[in-house]
Amino acid sequence: MESRLDEHEDEIGALHSRVESVEELTRLVPEILERLGLETLTSAHQRWVQGAVKRLHDLSGVAYPTVYTELGEAFQAAKYTDIREND
């Protein structure tokens with residue numbers, strides 16, 4: 001049994017090293033994502049949203065803050081500028 005363990009000692013060491021590398025990378029993922037940040041609406045899309053909100057206001061009479069609040073709730077964003085571009 002001991003001789004078989006000796007035969008695989010290098011492989012076991014390599015596996016331990018690989019697992020440690022993966023664990024280290026996993027620990028870095030939140031920091032990497034924070035640094036990259038999420039891509040929010042482009043300025044062109046922000047202007048489009050502003051125009052759409054104005055049209056909604058003009059057609060429905062609903063106050064601007066109400067429209068923006070509902071927009072933020074629909075996209076789960078505090079401000080419409082925080083809406084992700086992909087959404």
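This report describes the confidence, the nonpolar core, the surface and the salt bridges of a predicted protein model.

**Basis and confidence**

In this predicted model, local features need a pLDDT of at least 70 and side-chain atom pairs count only at pLDDT 80 or more, whereas totals for chains, interfaces and linings use all residues. Residues are numbered from 1 along each chain as its sequence is written, and side-chain values use heavy atoms, with hydrogens and water left out.

The pLDDT, which is the predictor's confidence in each residue on a scale from 0 to 100, averages 87 over the protein, and 100% of the residues score at least 70. Confidence is lowest in helix α1 (residues 2-36), where the mean is 84, and highest in helix α2 (residues 43-60), where it is 94. Helices here are DSSP runs (H or I, at least four residues), numbered from the N terminus.

**The nonpolar core**

The largest nonpolar core has eight residues in all, namely L41, V49, V53, V67, L71, A77, Y80 and I83. Helices α2 and α3 (64-74) each supply at least two residues of this core. A nonpolar core is a set of buried Ala, Val, Leu, Ile, Met, Phe, Trp, Tyr and Cys residues joined through side-chain atoms within 4.5 Å; buried means under 20% relative accessible area, exposed over 50%, and partly exposed in between, with a 1.4 Å probe and protein chains only.

V49 sits in helix α2 and counts as buried because its relative accessible area is 11%. When neighbours within four places in sequence are left aside, V49 is in contact with L41, Y68, L71 and Y80. The C-alpha atoms of V49 and T81 are 9.3 Å apart in space, although 32 residues separate the pair in sequence. I83, for its part, touches E39, T40, L41, L71, F75 and A77, again not counting residues up to four places away in sequence.

On the surface, L25, L28, V29, I32, L33 and L36 form a nonpolar patch with about 550 Å² of accessible area together. Such a patch is made of residues with over 30% relative accessible area and no salt bridge, its nonpolar side chains (Val, Leu, Ile, Met, Phe, Trp, Tyr) being joined within 5 Å, and the areas come from the Shrake-Rupley method with a 1.4 Å probe, only the protein chains shown counting as cover for residues.

M1 lies in the segment before α1 and is exposed, since its relative accessibility is 81%. Between the C-alpha atoms of M1 and V53, which are 52 residues apart along the chain, the separation is 74 Å. S60, a residue of helix α2, is partly exposed at a relative accessible area of 46%; its C-alpha atom is 69 Å from that of G13, a residue 47 places away in sequence.

Q76 lies in the segment after α3 and has a phi near 55°, a positive value in a residue other than glycine. Most residues other than glycine have a negative phi. Q76 is also exposed, because its relative accessible area is 76%.

**Salt bridges**

A search of the whole structure finds three salt bridges, each defined as a side-chain nitrogen of Lys or Arg within 4 Å of a carboxyl oxygen of Asp or Glu.

| E24 | R27 | 2.8 Å |

E24 and R27 both lie in helix α1, three residues apart, or about one turn of the helix. Of this pair, E24 is partly exposed at 37% relative accessibility, whereas R27 is exposed with a relative accessible area of 53%. Because D58 and K54 are four residues apart in helix α2, they are separated by about one helical turn; D58 counts as partly exposed at 49% relative accessibility, and K54 likewise counts as partly exposed at 43%. In the remaining pair, D87 is partly exposed at 47% relative accessibility, and R84 is partly exposed at 38%.

Conventions: Contact = heavy atoms within 4.5 Å. Patch = residues over 30% accessible without salt bridge, like charges linked within 9 Å, V, L, I, M, F, W, Y side chains within 5 Å.
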